[in-house]
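Subject: Structure handover

Hello,

Here is the structure for you to look through. My notes on what was found in it follow below.

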Amino acid sequence: MNKKLAVALSSAAVLVLTLSGCSDDGDKVNDWAKTVCDQAKPQIQKRADAQQLIISTAADGKPADIQAADSKAFQDIADADRALAKAIEGAGAPPVDNGEKLQQDAVKELNATAVAYEGLKKQVDALDPSNQQKFADGLQDVADGLKRIEKMDQDALAKLQSGELGTAMAKQPGCQKATPSPAATSPQPGSTPSEKASAKPSGSASKSSE
């Protein structure tokens, strides 16, 4: 039931993680990249954990567990995107051609993507896990919405990831792919599901915060 979400997230949640390449860049460009990537590292980790949370709940999760896991994952990704936007904004315009526009576009798109993920969270929270068929149908709608957001997510940093700026970011450890933490792959007793679960106070059913 959750597998389509897992598949959709498999690329969407990777965002800044696909940077590659190396060359000699100016010190100012490298300094800018380091400033952003140092702050991006925990957000990239949060996104990787959120993705793993959905995947690890997909195989045999009960509807209430899937609802709680997906809700948490979408909120975590939204929070990570906002933090990434803040890091890019705080670093100032990158010292490259059209740097100010690149910065402004990335910040705007990341914030818009965060809002979109919160919209998915609300959709998940509104599902009724006590009705399996309706829940499955609703989850399909969520997966369809995720595919649309996926493109926004990829576009948000695409321009920063190109040219000499992308090369400079690729060399920073903070912008490298993160491995999901053990907490993202095993149930976390005591995690509380999102406060917005409208279909049920389910939320308080213990959530696998994996």
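**What was found**

Of the chain's 210 residues, 49% count as buried (under 20% relative accessible area; over 50% is exposed and in between is partly exposed, with a 1.4 Å probe and protein chains only). This is a predicted model: local features need pLDDT of at least 70, side-chain atom pairs count only at pLDDT 80 or more, and totals for chains, interfaces and linings use all residues. Residues are numbered from 1 along each chain as its sequence is written, and side-chain values use heavy atoms, with hydrogens and water left out.

**Overall fold**

The chain has 6 helices and 0 strands. Helices (H or I, at least four residues) and strands (E, at least two) are DSSP runs, numbered from the N terminus. Among contacts (heavy atoms within 4.5 Å) between residues at least 6 apart in sequence, 82% join residues at least 24 apart.

**Helix H3 and its partners**

H3 covers residues 63–90. Its 28 residues should span 40 Å at 1.5 Å a residue, and its end C-alpha atoms are 40 Å apart, which agrees. The expected span is 1.5 Å times one less than the number of residues.

H2 (residues 27–58) packs on H3 at about 170°, with the axes 8 Å apart. That makes H2 roughly antiparallel to H3 (over 145 degrees; under 35 is roughly parallel, 65 to 115 roughly perpendicular and the rest oblique). Axes are lines fitted to C-alpha atoms, for helices over the stretch in contact, and angles run from 0 to 180 degrees between N-to-C directions. The H2 contact with H3 divides into 16 nonpolar, 3 polar and 8 charged residues. Here Ala, Val, Leu, Ile, Met, Phe, Trp, Tyr, Cys and Pro count as nonpolar, Asp, Glu, Lys and Arg as charged, and the others, Gly among them, as polar.

H5 (residues 132–158) also packs with H3, at about 15° and with axes 12 Å apart. That makes H3 roughly parallel to H5. Residues in this contact include Phe 74 and Ile 88 of H3, and Phe 135 and Leu 146 of H5. By class, the contact has 9 nonpolar, 2 polar and 3 charged residues.

Pro 94 sits in the loop between H3 and H4 (99–125). Pro 94 is buried, at 4% relative accessible area. Not counting residues up to four places away in sequence, Pro 94 touches Trp 32, Gly 99, Gln 103 and Leu 165. Pro 94 and Ala 33 are 61 residues apart in sequence, yet 8.1 Å apart in space, C-alpha to C-alpha.

Best wishes
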